[in-house]
Amino acid sequence: MQKKIIQLSAIDMTMNNFLRPLNLATKEEGWDVHCVCQEGLFTEYIKNDKFEFHNVSIDRKISPISNIKSILSLIKLFRKEKPDIVHVHTPVASVLGRIAAKLAGVPNIIYTAHGFYFHEGMTAKQYRFFYNIEKYVGRLCTDYIFTQSQEDYEVAKTNRFLTSNKNNNYVWISNGIDLDNKYNIKLKTEVKNYGLRKQLSIPNDHLVVSFIGRLVKEKGIIDLLEAYDLLKYKNVSFIVMGMLPQGERDNETYNSLENYKLNNNIKFVGHVNNAEDYLFLSDIFCLPSYREGMPRSIIEAMAMKNAVLATNIRGSREEVIDGETGYLFETGSSGRIAHFIDYLNNDRKKLELFKQNGLKRAHELYDENKVVRKQIEVFNNIKG
């Protein structure tokens with residue numbers, strides 16, 4: 001009988017944009033792959049890949065009534081489908097999904113921590129609250145923990161987030177991208193690069209700084225935009241990729257962004273399916289986020305030969321070598337962002353060195369094929 005795995009995330013963007021390579025490879029291994037998330041703009045892509053799709057509403061924040069409804073819906077679904085594995089992703093969905101899977105009697109529950117929700121930027125009270133949720137939901141409702149961040153792996157293992165003492169129940173999978181095709185810089189051409197620059201009306205002498213992420217405060221987007229006003233050299237254009245996804249409500253940030261849309265040197269391009277082309281055009285990638293797991297955007301930027309500016313937080317500091325592939329700075333530091341952009345704008349040799357170092361690092365450490373393979377090996381061992 002064909003074995004069945006359910007992949008669960010809060011929204012369909014996560015399922016399609018981040019989990020698709022894993023889902024396709026799992027399907028190729030002979031598994032019946034089901035995708036569970038809230039229906040949205042990316043649902044058709046999931047269905048076109050011939051995955052079984054189940055629409056379940058999952059709030060992205062703690063909301064007791066809504067969360068309980070989600071758990072009940074998931075229990076009903078899991079009991080009906082009887083999966084061999086439920087594999088959960090994203091903070092709230094991973095908690096609700098594991099509780100539901102446990103109550104439904106699912107034999108194997110896997111949690112990928114794309115970044116534990118607790119982090120050093122929280123108050124001690126907040127940190128303890130979310131730490132305990134992760135720890136006890138782990139012990140009571142989880143069989144395997146996959147982590148993208150090595151820091152998270154050490155935290156989970158050292159603090160025994162699982163009841164089992166088996167070392168192979170904790171797996172550091174890291175993060176990876178498609179270096180063979182989509183993010184293969186050898187497939188890019190300067191002709192296409194020039195066309196995109198012209199389309200965006202970016203002057204040829206401008207340094208290009210890019211950003212990818214949800215347009216919310218915790219991604220540091222306002223810190224980046226405020227840095228523009230502090231730049232000493234104005235031959236700089238920003239490319240901002242991203243949107244406010246379903247379930248997000250950050251009206252304060254949204255209203256602030258409107259003011260920057262009047263600046264002709266700041267290009268808001270929304271969600272794009274060809275981020276690699278914009279990154280190929282870019283010189284510096286900046287991720288001033290307050291919280292990350294193991295950000296794929298930094299890896300994508302390095303693969304497209306960008307120097308990287310990022311906050312000194314979990315995940316980002318694993319990927320960026322300060323002073324070699326870019327610079328790290330503290331959260332909320334518009335002044336430091338502006339300083340580093342000016343510095344690299346003025347020292348193009350250093351900029352080129354960082355670009356080359358980042359490209360090399362991306363290829364040495366962040367191959368998507370290896371990340372996917374690690375997970376499928378666990379699935380297949382369970383299968384056996």
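User: In this predicted model, how many bridges join strand S1 to strand S4?

Analyst: Strand S1 covers residues 4–11, and strand S4 covers residues 85–88. The two strands run parallel, and within this pairing Ile 5 stands opposite Ile 85 in S4. The number of bridges that join S1 to S4 is four.

User: Which residue of S2 is the bridge partner of Leu 8?

Analyst: Strand S1 is also joined to S2, in this case by six bridges, and these two strands run parallel. One of the pairs places Gln 38 of S2 as the partner of Ile 11. For Leu 8, the bridge partner in S2 is Val 36.

User: Is S1 largely enclosed by the rest of the structure or largely open, and how many of its residues are buried?

Analyst: A residue counts as buried when its relative accessible area is under 20%. By that cut-off S1 is largely enclosed by the rest of the structure, because the count of buried residues among its eight is eight.

User: How many of the seven residues of strand S2 are buried?

Analyst: Strand S2 covers residues 32–38, and it is largely enclosed by the rest of the structure. That description follows from the count of its buried residues, which is five of the seven.

User: Which strands stand at the edges of the open sheet of six strands?

Analyst: The order of this open sheet is S10-S9-S8-S11-S12-S13, with parallel pairing. An edge strand has a single partner strand, so one side of it is left without a neighbour in the sheet, and the strands in that position are S10 (266–270) and S13 (326–329).

User: What is the average twist from one strand to the next in that sheet, and which residue of S10 is the bridge partner of Ile 239?

Analyst: The twist averages 20° from one strand to the next. Strand S9, residues 236–241, is joined to S10 by four bridges, and these strands run parallel. In S10, the bridge partner of Ile 239 is Lys 267.

User: At about what angle does H14 run to S13?

Analyst: Two helices can be followed across strands here, and helix H12 (residues 296–303) lies across S8, S11 and S12, running at about 175° to S11. Helix H14 lies across S8, S9, S11, S12 and S13, and its angle to S13 is about 165°.

User: Are H14 and H15 roughly parallel or roughly perpendicular to each other?

Analyst: The axes of H14 (residues 334–346) and H15 (residues 348–365) come within 5 Å and cross at roughly 105°. Angles of 65 to 115 degrees count as roughly perpendicular. The relation between H14 and H15 is therefore roughly perpendicular.

User: How many residues of the contact of H14 with H15 are nonpolar?

Analyst: In this contact, Tyr 343, Leu 344, Asn 345 and Asn 346 of H14 meet Arg 348, Lys 350, Leu 351 and Phe 354 of H15. Two of these residues are polar and two are charged, while the number of nonpolar residues is four.

User: What distance separates the C-alpha atoms of Leu 230 and Gly 195?

Analyst: Leu 230 is found in helix H9, residues 221–230. Leaving out residues up to four places away in sequence, Leu 230 touches Ser 334, Gly 335, Ala 338 and Asp 342. Gly 195 lies 35 residues from Leu 230 along the chain, and the separation of their C-alpha atoms is 29 Å.

Technical notes. Residues numbered from 1 in each chain as written. Predicted model: local features only at pLDDT ≥ 70, side-chain atom pairs only at ≥ 80, totals over all residues. Heavy atoms only, no water. Axes fitted to C-alpha atoms, helices over the stretch in contact; angles between N-to-C directions. Parallel < 35°, antiparallel > 145°, perpendicular 65-115°, else oblique. Contact = heavy atoms within 4.5 Å. Nonpolar A, V, L, I, M, F, W, Y, C, P; charged D, E, K, R; others polar. Buried < 20%, exposed > 50% of the residue type's maximum accessible area, 1.4 Å probe, protein only. Pairing = 2+ DSSP bridges.
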